[in-house]
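Have the structure open beside you as you read.

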Amino acid sequence: MSSPGEHESKDAALHGRGGFDEGAFDALYRSTVADVHAYAISLLGERPAAEDVTALAFERLYRARSRLDRGRGTPRAWLFAIARNAALDELRRRQRQPHAEAHESVEERDFTEAIEQVERRATVREAMGRLALRDREVVLLKFHGQLSNAELARALGISESNAGTRLHRALVRLRERCADLDRQEVA
Amino acid sequence: MRIIPFPDRGRTGSDETVLAELEAALSGGAEGPRAESWRELREDVRSLASPMAPGFERALERRIAETRAHSDPLRSGPRRVGRGLGSLRGHRRLVVALASGLAILLVAGLIVRPWSRGASPPEAGPASLPAARELRGSARGAESEPAVRASSAPAKSATTSSNAPNAPSAPSVSSATEAPDRVQQRAASISLGASSSEVQAVADGVARVATSAGGFVQSSHVQVQQGGSSGAELTLNIPSAKLDAVLASLGQLAPLRSESQSLQDITDSYEAARRQLADVNAERQALLRALSAASTQGQIDSLRERLSGVSHAIAQAHVALQTLSRRAGNSEVEVSVLGDRSTSSEGFTLHRGLHDAGKVLLVTLTVLLIAAAVLGPLALLIAATLGGRRAFRRYRRERILDSH
(Lines give C-alpha, C1' and ligand atoms only; values in the text may rest on other atoms or scores of the structure.)
Protein backbone atom coordinates (compact mmCIF):
# COMPACT_ATOMS: atom_id res chain seq x y z
CA MET A 1 0.00 0.00 0.00
CA SER A 2 1.50 3.30 -1.00
CA SER A 3 1.97 5.97 1.52
CA PRO A 4 -0.04 9.15 1.40
CA GLY A 5 1.48 11.65 -0.91
CA GLU A 6 3.61 9.02 -2.50
CA HIS A 7 1.20 8.69 -5.37
CA GLU A 8 1.39 12.39 -6.05
CA SER A 9 4.92 12.26 -7.34
CA LYS A 10 4.17 9.17 -9.36
CA ASP A 11 0.99 10.62 -10.75
CA ALA A 12 2.83 13.75 -11.70
CA ALA A 13 4.49 11.84 -14.49
CA LEU A 14 1.17 10.36 -15.54
CA HIS A 15 -0.51 13.71 -15.64
CA GLY A 16 1.93 15.08 -18.15
CA ARG A 17 1.13 15.76 -21.74
CA GLY A 18 2.64 12.46 -22.82
CA GLY A 19 0.39 9.62 -23.84
CA PHE A 20 -0.90 7.02 -21.41
CA ASP A 21 1.47 4.37 -22.63
CA GLU A 22 2.60 1.06 -21.20
CA GLY A 23 5.13 2.67 -18.91
CA ALA A 24 2.59 5.08 -17.49
CA PHE A 25 0.15 2.23 -16.97
CA ASP A 26 2.80 0.23 -15.13
CA ALA A 27 3.58 3.18 -12.90
CA LEU A 28 -0.08 3.75 -12.16
CA TYR A 29 -0.58 0.06 -11.47
CA ARG A 30 2.28 -0.09 -9.01
CA SER A 31 1.20 3.04 -7.19
CA THR A 32 -2.49 2.27 -6.94
CA VAL A 33 -3.10 -1.46 -6.94
CA ALA A 34 -3.05 -1.65 -3.15
CA ASP A 35 -5.34 1.36 -2.83
CA VAL A 36 -7.84 -0.02 -5.32
CA HIS A 37 -7.86 -3.34 -3.54
CA ALA A 38 -8.26 -1.63 -0.17
CA TYR A 39 -11.15 0.46 -1.48
CA ALA A 40 -12.85 -2.56 -3.00
CA ILE A 41 -12.47 -4.79 0.00
CA SER A 42 -13.65 -2.02 2.33
CA LEU A 43 -16.72 -1.43 0.20
CA LEU A 44 -17.61 -5.02 -0.69
CA GLY A 45 -16.42 -6.69 2.46
CA GLU A 46 -15.32 -9.86 0.67
CA ARG A 47 -11.88 -10.63 -0.52
CA PRO A 48 -12.78 -12.62 -3.68
CA ALA A 49 -15.16 -9.94 -4.86
CA ALA A 50 -12.62 -7.23 -4.08
CA GLU A 51 -9.97 -9.09 -6.05
CA ASP A 52 -12.31 -9.45 -8.99
CA VAL A 53 -13.15 -5.77 -8.92
CA THR A 54 -9.48 -4.82 -8.66
CA ALA A 55 -8.52 -6.97 -11.61
CA LEU A 56 -11.49 -5.77 -13.61
CA ALA A 57 -10.64 -2.14 -12.94
CA PHE A 58 -7.10 -2.47 -14.24
CA GLU A 59 -8.16 -4.52 -17.23
CA ARG A 60 -10.77 -1.98 -18.21
CA LEU A 61 -8.38 0.90 -17.71
CA TYR A 62 -5.79 -0.82 -19.87
CA ARG A 63 -8.27 -1.37 -22.68
CA ALA A 64 -9.57 2.18 -22.38
CA ARG A 65 -6.18 3.84 -22.01
CA SER A 66 -6.23 5.19 -25.55
CA ARG A 67 -9.52 6.96 -24.82
CA LEU A 68 -8.20 8.57 -21.69
CA ASP A 69 -8.87 12.26 -21.91
CA ARG A 70 -6.53 14.10 -19.58
CA GLY A 71 -8.79 17.10 -19.74
CA ARG A 72 -11.55 15.16 -18.05
CA GLY A 73 -9.63 13.78 -15.15
CA THR A 74 -6.41 12.16 -14.03
CA PRO A 75 -5.71 8.48 -14.67
CA ARG A 76 -6.11 7.86 -10.96
CA ALA A 77 -9.58 9.39 -11.01
CA TRP A 78 -10.45 7.31 -14.06
CA LEU A 79 -9.17 4.19 -12.36
CA PHE A 80 -11.23 4.74 -9.23
CA ALA A 81 -14.28 5.65 -11.29
CA ILE A 82 -13.93 2.31 -13.07
CA ALA A 83 -13.35 0.51 -9.79
CA ARG A 84 -16.37 2.19 -8.23
CA ASN A 85 -18.61 1.20 -11.15
CA ALA A 86 -17.34 -2.35 -11.00
CA ALA A 87 -17.90 -2.50 -7.25
CA LEU A 88 -21.42 -1.10 -7.53
CA ASP A 89 -22.19 -3.55 -10.31
CA GLU A 90 -20.94 -6.32 -8.06
CA LEU A 91 -23.13 -5.09 -5.22
CA ARG A 92 -26.12 -4.82 -7.49
CA ARG A 93 -25.52 -8.29 -8.87
CA ARG A 94 -25.29 -9.86 -5.51
CA GLN A 95 -27.79 -7.63 -3.78
CA ARG A 96 -26.08 -8.54 -0.63
CA GLN A 97 -25.32 -6.37 2.33
CA PRO A 98 -21.59 -5.88 2.43
CA HIS A 99 -20.25 -7.03 5.68
CA ALA A 100 -17.15 -6.19 7.54
CA GLU A 101 -13.99 -7.82 6.43
CA ALA A 102 -12.53 -10.43 8.67
CA HIS A 103 -10.21 -8.30 10.65
CA GLU A 104 -8.09 -10.90 12.23
CA SER A 105 -5.08 -9.85 10.32
CA VAL A 106 -5.69 -6.22 11.16
CA GLU A 107 -6.00 -7.02 14.80
CA GLU A 108 -2.85 -9.05 14.66
CA ARG A 109 -1.04 -6.21 12.97
CA ASP A 110 -2.28 -3.74 15.53
CA PHE A 111 -0.96 -5.67 18.51
CA THR A 112 2.21 -3.73 18.33
CA GLU A 113 0.52 -0.37 18.13
CA ALA A 114 -0.32 1.81 21.00
CA ILE A 115 -3.48 1.01 22.89
CA GLU A 116 -4.82 4.44 22.13
CA GLN A 117 -4.47 3.94 18.41
CA VAL A 118 -6.02 0.52 18.61
CA GLU A 119 -9.03 1.87 20.42
CA ARG A 120 -9.36 4.79 18.06
CA ARG A 121 -9.25 2.58 15.00
CA ALA A 122 -11.74 0.20 16.51
CA THR A 123 -14.10 3.12 17.01
CA VAL A 124 -13.55 4.36 13.46
CA ARG A 125 -14.15 0.87 12.12
CA GLU A 126 -17.39 0.58 14.00
CA ALA A 127 -18.48 4.07 12.99
CA MET A 128 -17.70 3.32 9.38
CA GLY A 129 -19.76 0.19 9.63
CA ARG A 130 -22.69 2.23 10.88
CA LEU A 131 -22.48 4.71 8.03
CA ALA A 132 -24.84 4.44 5.12
CA LEU A 133 -23.22 2.86 2.11
CA ARG A 134 -23.46 6.11 0.16
CA ASP A 135 -21.53 8.00 2.85
CA ARG A 136 -19.07 5.21 3.45
CA GLU A 137 -18.30 5.00 -0.22
CA VAL A 138 -17.33 8.67 -0.40
CA VAL A 139 -15.06 8.40 2.62
CA LEU A 140 -13.42 5.27 1.22
CA LEU A 141 -12.89 6.89 -2.15
CA LYS A 142 -11.40 9.96 -0.54
CA PHE A 143 -9.02 8.16 1.80
CA HIS A 144 -8.16 5.00 -0.10
CA GLY A 145 -8.13 6.64 -3.47
CA GLN A 146 -6.31 9.66 -2.06
CA LEU A 147 -8.22 11.74 -4.52
CA SER A 148 -8.44 15.47 -4.59
CA ASN A 149 -11.92 16.95 -4.52
CA ALA A 150 -11.83 17.38 -8.29
CA GLU A 151 -10.75 13.78 -8.78
CA LEU A 152 -13.39 12.64 -6.34
CA ALA A 153 -16.02 14.49 -8.36
CA ARG A 154 -14.75 12.80 -11.52
CA ALA A 155 -14.87 9.38 -9.90
CA LEU A 156 -18.40 9.97 -8.61
CA GLY A 157 -19.55 11.47 -11.89
CA ILE A 158 -20.89 14.61 -10.27
CA SER A 159 -19.82 18.21 -10.00
CA GLU A 160 -16.99 19.22 -7.71
CA SER A 161 -19.30 21.23 -5.45
CA ASN A 162 -21.68 18.29 -5.13
CA ALA A 163 -18.78 15.98 -4.40
CA GLY A 164 -17.55 18.36 -1.70
CA THR A 165 -20.99 18.53 -0.17
CA ARG A 166 -21.32 14.76 -0.12
CA LEU A 167 -17.87 14.35 1.39
CA HIS A 168 -18.52 16.95 4.04
CA ARG A 169 -21.83 15.38 5.00
CA ALA A 170 -20.25 11.94 5.15
CA LEU A 171 -17.49 13.22 7.41
CA VAL A 172 -20.02 14.94 9.66
CA ARG A 173 -21.97 11.71 9.99
CA LEU A 174 -18.78 9.79 10.62
CA ARG A 175 -17.97 12.27 13.36
CA GLU A 176 -21.46 11.84 14.81
CA ARG A 177 -21.12 8.05 14.79
CA CYS A 178 -17.74 8.32 16.50
CA ALA A 179 -19.19 10.70 19.09
CA ASP A 180 -22.07 8.33 19.75
CA LEU A 181 -19.66 5.48 20.27
CA ASP A 182 -17.52 7.67 22.49
CA ARG A 183 -20.52 8.57 24.64
CA GLN A 184 -21.55 4.93 24.89
CA GLU A 185 -18.07 4.06 26.02
CA VAL A 186 -18.07 6.81 28.64
CA ALA A 187 -21.47 5.71 29.89
CA MET B 1 -12.48 5.45 27.24
CA ARG B 2 -11.74 5.70 23.59
CA ILE B 3 -9.84 8.75 22.47
CA ILE B 4 -11.11 10.00 19.12
CA PRO B 5 -9.42 13.23 18.10
CA PHE B 6 -11.91 13.78 15.29
CA PRO B 7 -10.78 16.77 13.31
CA ASP B 8 -14.08 18.51 12.92
CA ARG B 9 -15.23 18.01 16.48
CA GLY B 10 -16.72 21.06 18.15
CA ARG B 11 -16.15 23.23 15.15
CA THR B 12 -18.63 24.81 12.82
CA GLY B 13 -17.60 25.89 9.41
CA SER B 14 -18.76 25.99 5.85
CA ASP B 15 -18.30 23.06 3.52
CA GLU B 16 -15.64 24.93 1.63
CA THR B 17 -13.63 25.77 4.73
CA VAL B 18 -13.64 22.24 6.04
CA LEU B 19 -12.90 20.74 2.65
CA ALA B 20 -10.06 23.17 2.04
CA GLU B 21 -8.60 22.32 5.41
CA LEU B 22 -8.97 18.61 4.68
CA GLU B 23 -7.38 19.01 1.27
CA ALA B 24 -4.44 20.95 2.67
CA ALA B 25 -3.93 18.47 5.47
CA LEU B 26 -4.05 15.37 3.25
CA SER B 27 -1.75 16.85 0.65
CA GLY B 28 0.80 17.70 3.34
CA GLY B 29 0.46 21.42 2.79
CA ALA B 30 -0.79 22.14 6.31
CA GLU B 31 0.74 21.55 9.69
CA GLY B 32 -0.58 21.63 13.21
CA PRO B 33 -2.74 19.44 15.38
CA ARG B 34 -5.84 19.73 13.21
CA ALA B 35 -4.01 18.77 10.05
CA GLU B 36 -2.39 15.93 11.93
CA SER B 37 -5.76 14.69 13.15
CA TRP B 38 -7.09 14.66 9.55
CA ARG B 39 -4.13 12.60 8.47
CA GLU B 40 -4.63 10.25 11.43
CA LEU B 41 -8.24 9.77 10.43
CA ARG B 42 -7.16 8.91 6.90
CA GLU B 43 -4.69 6.38 8.23
CA ASP B 44 -7.32 4.95 10.53
CA VAL B 45 -9.70 4.42 7.63
CA ARG B 46 -7.00 3.01 5.42
CA SER B 47 -5.85 0.63 8.14
CA LEU B 48 -9.28 -0.99 8.23
CA ALA B 49 -8.69 -2.71 4.92
CA SER B 50 -6.86 -5.96 4.81
CA PRO B 51 -3.74 -6.01 2.68
CA MET B 52 -3.65 -7.84 -0.59
CA ALA B 53 -2.92 -11.52 -0.48
CA PRO B 54 0.50 -12.18 -2.02
CA GLY B 55 -1.01 -14.83 -4.24
CA PHE B 56 -3.56 -12.38 -5.60
CA GLU B 57 -0.90 -9.84 -6.43
CA ARG B 58 0.97 -12.37 -8.53
CA ALA B 59 -2.24 -13.62 -10.14
CA LEU B 60 -3.29 -10.08 -10.94
CA GLU B 61 0.01 -9.35 -12.61
CA ARG B 62 -0.36 -12.48 -14.73
CA ARG B 63 -3.92 -11.51 -15.62
CA ILE B 64 -2.88 -8.04 -16.72
CA ALA B 65 -0.02 -9.50 -18.71
CA GLU B 66 -2.52 -11.72 -20.50
CA THR B 67 -4.71 -8.73 -21.17
CA ARG B 68 -1.75 -6.96 -22.66
CA ALA B 69 -0.84 -9.94 -24.78
CA HIS B 70 -4.36 -10.18 -26.14
CA SER B 71 -4.43 -6.47 -26.85
CA ASP B 72 -0.98 -6.27 -28.41
CA PRO B 73 -0.96 -6.99 -32.16
CA LEU B 74 2.72 -7.88 -32.09
CA ARG B 75 2.11 -10.61 -29.57
CA SER B 76 -1.21 -11.83 -30.85
CA GLY B 77 -1.59 -11.95 -34.60
CA PRO B 78 -5.17 -13.23 -34.87
CA ARG B 79 -6.41 -10.42 -32.67
CA ARG B 80 -5.10 -7.69 -34.88
CA VAL B 81 -8.57 -6.96 -36.16
CA GLY B 82 -9.86 -6.56 -32.65
CA ARG B 83 -6.91 -4.37 -31.83
CA GLY B 84 -7.67 -2.29 -34.90
CA LEU B 85 -11.24 -1.88 -33.82
CA GLY B 86 -10.04 -0.99 -30.37
CA SER B 87 -7.80 1.69 -31.74
CA LEU B 88 -10.74 2.93 -33.80
CA ARG B 89 -12.76 3.15 -30.64
CA GLY B 90 -9.93 5.20 -29.27
CA HIS B 91 -10.29 7.66 -32.09
CA ARG B 92 -14.00 8.15 -31.70
CA ARG B 93 -13.99 11.60 -33.23
CA LEU B 94 -12.16 10.35 -36.29
CA VAL B 95 -14.61 7.50 -36.69
CA VAL B 96 -17.57 9.84 -36.32
CA ALA B 97 -16.05 12.23 -38.84
CA LEU B 98 -15.42 9.42 -41.32
CA ALA B 99 -18.92 8.04 -40.88
CA SER B 100 -20.40 11.49 -41.38
CA GLY B 101 -18.30 12.02 -44.49
CA LEU B 102 -19.35 8.71 -45.95
CA ALA B 103 -22.98 9.47 -45.22
CA ILE B 104 -22.66 12.87 -46.89
CA LEU B 105 -21.02 11.29 -49.92
CA LEU B 106 -23.78 8.71 -50.08
CA VAL B 107 -26.46 11.38 -49.95
CA ALA B 108 -24.54 13.44 -52.50
CA GLY B 109 -24.34 10.44 -54.77
CA LEU B 110 -28.04 9.84 -54.50
CA ILE B 111 -28.72 13.49 -55.30
CA VAL B 112 -26.21 13.94 -58.09
CA ARG B 113 -26.77 10.60 -59.80
CA PRO B 114 -30.01 11.55 -61.58
CA TRP B 115 -28.43 14.80 -62.77
CA SER B 116 -25.42 13.06 -64.20
CA ARG B 117 -27.54 11.25 -66.74
CA GLY B 118 -27.74 14.41 -68.84
CA ALA B 119 -31.40 14.97 -68.03
CA SER B 120 -31.22 17.19 -65.05
CA PRO B 121 -34.53 18.62 -63.89
CA PRO B 122 -33.70 22.19 -64.94
CA GLU B 123 -32.52 21.05 -68.32
CA ALA B 124 -35.19 18.50 -69.03
CA GLY B 125 -37.74 21.03 -70.21
CA PRO B 126 -35.67 23.05 -72.67
CA ALA B 127 -33.74 20.03 -73.92
CA SER B 128 -36.93 18.30 -74.84
CA LEU B 129 -38.19 21.16 -76.96
CA PRO B 130 -36.43 20.23 -80.19
CA ALA B 131 -37.62 16.68 -79.97
CA ALA B 132 -41.12 17.85 -79.25
CA ARG B 133 -40.90 20.24 -82.12
CA GLU B 134 -39.78 17.51 -84.47
CA LEU B 135 -42.62 15.38 -83.30
CA ARG B 136 -44.98 18.24 -83.95
CA GLY B 137 -43.42 18.69 -87.38
CA SER B 138 -43.92 15.05 -88.20
CA ALA B 139 -47.48 15.21 -87.02
CA ARG B 140 -48.11 18.28 -89.10
CA GLY B 141 -46.66 16.56 -92.14
CA ALA B 142 -48.88 13.61 -91.54
CA GLU B 143 -51.88 15.92 -91.32
CA SER B 144 -51.02 17.79 -94.48
CA GLU B 145 -50.48 14.71 -96.56
CA PRO B 146 -54.15 13.64 -96.71
CA ALA B 147 -55.09 17.23 -97.62
CA VAL B 148 -52.80 17.07 -100.62
CA ARG B 149 -54.10 13.66 -101.62
CA ALA B 150 -57.61 14.98 -101.36
CA SER B 151 -56.74 17.16 -104.30
CA SER B 152 -55.82 14.00 -106.18
CA ALA B 153 -52.20 15.12 -106.32
CA PRO B 154 -49.97 12.91 -104.21
CA ALA B 155 -47.39 15.04 -102.43
CA LYS B 156 -43.89 13.99 -101.78
CA SER B 157 -42.17 15.10 -98.55
CA ALA B 158 -38.75 14.72 -97.02
CA THR B 159 -37.39 15.60 -93.60
CA THR B 160 -33.84 15.73 -92.37
CA SER B 161 -32.64 16.60 -88.92
CA SER B 162 -29.42 16.68 -87.01
CA ASN B 163 -28.03 17.35 -83.59
CA ALA B 164 -25.21 19.80 -83.43
CA PRO B 165 -22.52 17.63 -81.82
CA ASN B 166 -22.87 15.02 -84.54
CA ALA B 167 -23.43 17.33 -87.44
CA PRO B 168 -21.01 20.21 -87.76
CA SER B 169 -22.73 21.60 -90.84
CA ALA B 170 -26.39 22.36 -91.07
CA PRO B 171 -28.31 19.69 -92.97
CA SER B 172 -30.03 20.69 -96.16
CA VAL B 173 -32.75 18.98 -98.14
CA SER B 174 -32.36 21.13 -101.19
CA SER B 175 -29.42 19.36 -102.74
CA ALA B 176 -30.91 15.92 -102.42
CA THR B 177 -34.56 16.38 -103.22
CA GLU B 178 -35.09 19.82 -104.66
CA ALA B 179 -35.84 19.75 -108.38
CA PRO B 180 -35.77 22.82 -110.56
CA ASP B 181 -39.09 22.14 -112.30
CA ARG B 182 -40.99 21.29 -109.17
CA VAL B 183 -42.90 23.47 -106.80
CA GLN B 184 -41.83 22.69 -103.27
CA GLN B 185 -42.60 23.93 -99.80
CA ARG B 186 -39.73 24.06 -97.29
CA ALA B 187 -39.70 24.49 -93.54
CA ALA B 188 -37.09 24.25 -90.85
CA SER B 189 -36.67 24.28 -87.10
CA ILE B 190 -33.50 25.09 -85.29
CA SER B 191 -32.48 25.07 -81.63
CA LEU B 192 -29.79 27.33 -80.30
CA GLY B 193 -28.18 27.10 -76.90
CA ALA B 194 -27.41 30.15 -74.84
CA SER B 195 -26.91 31.07 -71.25
CA SER B 196 -29.86 32.58 -69.47
CA SER B 197 -28.40 36.05 -69.71
CA GLU B 198 -27.86 35.73 -73.45
CA VAL B 199 -31.34 34.57 -74.42
CA GLN B 200 -32.69 38.05 -75.11
CA ALA B 201 -29.69 39.07 -77.22
CA VAL B 202 -29.87 35.87 -79.28
CA ALA B 203 -33.61 36.33 -79.80
CA ASP B 204 -32.97 39.88 -81.06
CA GLY B 205 -30.31 38.54 -83.38
CA VAL B 206 -32.74 35.97 -84.79
CA ALA B 207 -35.22 38.73 -85.60
CA ARG B 208 -32.53 40.78 -87.31
CA VAL B 209 -31.48 37.84 -89.46
CA ALA B 210 -35.10 37.33 -90.54
CA THR B 211 -35.69 40.92 -91.53
CA SER B 212 -32.35 41.26 -93.28
CA ALA B 213 -33.25 38.27 -95.42
CA GLY B 214 -36.49 39.90 -96.48
CA GLY B 215 -38.64 37.91 -94.11
CA PHE B 216 -40.40 38.71 -90.89
CA VAL B 217 -41.14 37.33 -87.46
CA GLN B 218 -44.54 35.68 -87.38
CA SER B 219 -44.56 35.13 -83.64
CA SER B 220 -42.18 35.25 -80.76
CA HIS B 221 -42.13 34.42 -77.11
CA VAL B 222 -39.12 35.31 -75.01
CA GLN B 223 -38.86 34.35 -71.34
CA VAL B 224 -35.93 35.62 -69.29
CA GLN B 225 -35.90 34.53 -65.69
CA GLN B 226 -33.11 35.48 -63.31
CA GLY B 227 -31.72 32.40 -61.69
CA GLY B 228 -34.23 30.21 -63.45
CA SER B 229 -34.85 28.74 -66.82
CA SER B 230 -34.92 31.16 -69.74
CA GLY B 231 -35.75 30.59 -73.35
CA ALA B 232 -37.25 32.02 -76.50
CA GLU B 233 -39.54 30.66 -79.22
CA LEU B 234 -39.71 32.48 -82.57
CA THR B 235 -41.48 31.61 -85.80
CA LEU B 236 -39.93 33.25 -88.88
CA ASN B 237 -41.28 33.57 -92.36
CA ILE B 238 -38.53 34.07 -94.90
CA PRO B 239 -38.12 33.70 -98.66
CA SER B 240 -37.41 30.08 -99.50
CA ALA B 241 -34.53 31.11 -101.67
CA LYS B 242 -32.75 32.47 -98.65
CA LEU B 243 -33.55 29.63 -96.27
CA ASP B 244 -30.09 28.10 -96.34
CA ALA B 245 -28.41 31.43 -95.82
CA VAL B 246 -30.74 32.27 -92.96
CA LEU B 247 -30.11 28.95 -91.26
CA ALA B 248 -26.39 29.47 -91.61
CA SER B 249 -26.70 32.93 -90.10
CA LEU B 250 -28.79 31.64 -87.24
CA GLY B 251 -26.20 28.97 -86.52
CA GLN B 252 -23.65 31.72 -85.99
CA LEU B 253 -25.69 33.54 -83.38
CA ALA B 254 -25.30 30.86 -80.71
CA PRO B 255 -24.17 27.26 -80.39
CA LEU B 256 -26.35 25.05 -82.53
CA ARG B 257 -28.14 22.39 -80.53
CA SER B 258 -30.25 20.78 -83.23
CA GLU B 259 -31.69 21.51 -86.62
CA SER B 260 -34.26 19.91 -88.86
CA GLN B 261 -35.56 20.74 -92.30
CA SER B 262 -38.55 19.45 -94.16
CA LEU B 263 -39.56 19.67 -97.78
CA GLN B 264 -42.96 18.97 -99.27
CA ASP B 265 -43.59 18.74 -102.97
CA ILE B 266 -46.75 20.69 -103.89
CA THR B 267 -46.25 20.67 -107.64
CA ASP B 268 -49.37 18.62 -108.26
CA SER B 269 -51.47 20.85 -106.07
CA TYR B 270 -49.99 23.90 -107.74
CA GLU B 271 -50.62 22.49 -111.24
CA ALA B 272 -54.16 21.55 -110.31
CA ALA B 273 -54.84 25.05 -109.05
CA ARG B 274 -53.31 26.54 -112.15
CA ARG B 275 -55.39 24.30 -114.40
CA GLN B 276 -58.48 25.17 -112.43
CA LEU B 277 -57.77 28.85 -112.99
CA ALA B 278 -57.16 28.30 -116.67
CA ASP B 279 -60.36 26.32 -117.01
CA VAL B 280 -62.51 28.94 -115.42
CA ASN B 281 -60.80 31.63 -117.48
CA ALA B 282 -61.52 29.65 -120.63
CA GLU B 283 -65.09 29.17 -119.54
CA ARG B 284 -65.39 32.91 -118.98
CA GLN B 285 -64.04 33.63 -122.46
CA ALA B 286 -66.55 31.22 -123.94
CA LEU B 287 -69.36 32.81 -122.03
CA LEU B 288 -68.29 36.26 -123.17
CA ARG B 289 -68.30 35.08 -126.75
CA ALA B 290 -71.72 33.56 -126.31
CA LEU B 291 -72.93 36.76 -124.73
CA SER B 292 -71.80 38.78 -127.69
CA ALA B 293 -73.78 36.48 -129.97
CA ALA B 294 -76.92 36.38 -127.84
CA SER B 295 -80.06 37.77 -129.49
CA THR B 296 -82.77 37.46 -126.88
CA GLN B 297 -83.04 39.08 -123.50
CA GLY B 298 -83.47 35.69 -121.91
CA GLN B 299 -80.20 34.40 -123.34
CA ILE B 300 -78.41 37.55 -122.22
CA ASP B 301 -79.67 37.28 -118.65
CA SER B 302 -78.77 33.60 -118.45
CA LEU B 303 -75.23 34.18 -119.74
CA ARG B 304 -74.68 37.10 -117.37
CA GLU B 305 -75.73 34.94 -114.46
CA ARG B 306 -73.31 32.21 -115.48
CA LEU B 307 -70.56 34.82 -115.99
CA SER B 308 -71.10 35.98 -112.44
CA GLY B 309 -70.63 32.46 -111.10
CA VAL B 310 -67.55 31.92 -113.24
CA SER B 311 -66.05 35.19 -112.05
CA HIS B 312 -66.46 33.99 -108.46
CA ALA B 313 -64.82 30.67 -109.36
CA ILE B 314 -61.96 32.55 -111.03
CA ALA B 315 -61.37 34.56 -107.85
CA GLN B 316 -61.33 31.39 -105.74
CA ALA B 317 -58.92 29.66 -108.10
CA HIS B 318 -56.71 32.71 -108.14
CA VAL B 319 -56.55 32.77 -104.32
CA ALA B 320 -55.76 29.09 -104.20
CA LEU B 321 -52.98 29.47 -106.70
CA GLN B 322 -51.56 32.45 -104.79
CA THR B 323 -51.64 30.51 -101.55
CA LEU B 324 -49.69 27.68 -103.10
CA SER B 325 -47.26 30.16 -104.60
CA ARG B 326 -46.68 31.73 -101.21
CA ARG B 327 -46.18 28.32 -99.68
CA ALA B 328 -43.54 27.60 -102.26
CA GLY B 329 -41.93 30.99 -102.11
CA ASN B 330 -41.71 31.37 -98.35
CA SER B 331 -40.45 29.04 -95.71
CA GLU B 332 -41.42 28.88 -92.08
CA VAL B 333 -38.55 28.57 -89.63
CA GLU B 334 -39.15 27.81 -85.98
CA VAL B 335 -36.30 28.94 -83.79
CA SER B 336 -35.85 27.82 -80.17
CA VAL B 337 -33.31 29.52 -77.99
CA LEU B 338 -32.63 27.28 -75.02
CA GLY B 339 -31.32 29.12 -72.03
CA ASP B 340 -30.07 26.00 -70.42
CA ARG B 341 -27.06 25.58 -68.16
CA SER B 342 -25.06 23.15 -70.21
CA THR B 343 -24.33 25.87 -72.73
CA SER B 344 -22.08 27.59 -70.26
CA SER B 345 -19.54 24.82 -70.61
CA GLU B 346 -18.93 25.79 -74.21
CA GLY B 347 -16.08 28.20 -73.94
CA PHE B 348 -14.58 29.29 -70.68
CA THR B 349 -14.90 32.78 -69.41
CA LEU B 350 -14.42 34.27 -65.99
CA HIS B 351 -18.13 34.92 -65.73
CA ARG B 352 -19.01 31.33 -66.60
CA GLY B 353 -16.34 30.07 -64.26
CA LEU B 354 -17.76 32.07 -61.39
CA HIS B 355 -21.23 30.95 -62.38
CA ASP B 356 -20.18 27.31 -62.34
CA ALA B 357 -18.38 27.76 -59.04
CA GLY B 358 -21.51 29.27 -57.56
CA LYS B 359 -23.58 26.37 -58.78
CA VAL B 360 -21.10 23.86 -57.39
CA LEU B 361 -21.23 25.68 -54.08
CA LEU B 362 -25.01 25.69 -54.17
CA VAL B 363 -25.15 21.98 -54.88
CA THR B 364 -22.62 21.34 -52.13
CA LEU B 365 -24.64 23.35 -49.65
CA THR B 366 -27.78 21.55 -50.72
CA VAL B 367 -26.10 18.21 -50.22
CA LEU B 368 -24.83 19.28 -46.82
CA LEU B 369 -28.24 20.56 -45.85
CA ILE B 370 -29.94 17.34 -46.85
CA ALA B 371 -27.24 15.30 -45.15
CA ALA B 372 -27.68 17.35 -42.01
CA ALA B 373 -31.42 16.89 -42.22
CA VAL B 374 -30.91 13.14 -42.41
CA LEU B 375 -28.02 12.77 -40.01
CA GLY B 376 -29.13 15.35 -37.47
CA PRO B 377 -32.20 13.53 -36.18
CA LEU B 378 -30.35 10.23 -36.45
CA ALA B 379 -27.47 11.56 -34.38
CA LEU B 380 -29.89 13.02 -31.85
CA LEU B 381 -31.68 9.69 -31.61
CA ILE B 382 -28.44 7.80 -31.13
CA ALA B 383 -27.20 10.34 -28.60
CA ALA B 384 -30.48 10.20 -26.71
CA THR B 385 -30.38 6.40 -26.70
CA LEU B 386 -26.80 6.27 -25.50
CA GLY B 387 -27.42 9.00 -22.95
CA GLY B 388 -30.52 7.28 -21.67
CA ARG B 389 -28.72 3.96 -21.45
CA ARG B 390 -25.87 5.54 -19.55
CA ALA B 391 -28.23 7.39 -17.23
CA PHE B 392 -30.18 4.21 -16.54
CA ARG B 393 -27.04 2.26 -15.73
CA ARG B 394 -25.90 5.02 -13.44
CA TYR B 395 -29.30 5.17 -11.78
CA ARG B 396 -29.18 1.43 -11.11
CA ARG B 397 -25.72 1.76 -9.61
CA GLU B 398 -26.63 4.70 -7.45
CA ARG B 399 -29.75 2.93 -6.25
CA ILE B 400 -27.58 0.25 -4.75
CA LEU B 401 -26.01 2.87 -2.49
CA ASP B 402 -29.40 3.82 -1.12
CA SER B 403 -30.56 0.27 -0.63
CA HIS B 404 -27.89 -0.52 1.96
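A helix here is a DSSP run of type H or I with at least four residues, numbered from the N terminus. Please keep in mind that this model is predicted.

Glu43(B) and Arg46(B) are three residues apart in helix H2 of chain B, so about one helical turn separates them. They form a salt bridge whose closest N and O atoms are 3.9 Å apart. Arg46(B) is buried because its relative accessibility is 2%, while Glu43(B), at 28%, is partly exposed. Both belong to a salt-bridge network that also includes Asp35(A), Arg76(A) and Arg42(B).

Side chains of opposite charge can pair when their charged atoms come close. Over all chains, the count is 26 salt bridges.

In chain A, Glu90(A) and Arg93(A) form one with an N to O distance of 2.4 Å. Both sit in helix H4, three residues apart.

## A buried serine

Ser47(B) lies in helix H2 of chain B and is buried, with a relative accessible area of 7%. Its side chain makes a polar contact of 3.4 Å with the side chain of Arg121(A). A polar atom of the Ser47(B) side chain also lies 2.7 Å from the backbone oxygen of Asp44(B).

Notes: Residues are numbered from 1 along each chain as its sequence is written. Chains are lettered from A and ligands numbered from 1 in the order in which they are written. This is a predicted model: local features need pLDDT of at least 70, side-chain atom pairs count only at pLDDT 80 or more; totals for chains, interfaces and linings use all residues. Side-chain values use heavy atoms; hydrogens and water are left out. Helices (H or I, at least four residues) and strands (E, at least two) are DSSP runs, numbered from the N terminus. Buried means under 20% relative accessible area, exposed over 50%, partly exposed in between (1.4 Å probe, protein chains only). A polar contact is a pair of N or O atoms within 3.5 Å; within protein, one must be able to donate a hydrogen and the other to accept it, and residues adjacent in sequence count only if both atoms are side-chain atoms. A salt bridge is a side-chain nitrogen of Lys or Arg within 4 Å of a carboxyl oxygen of Asp or Glu.
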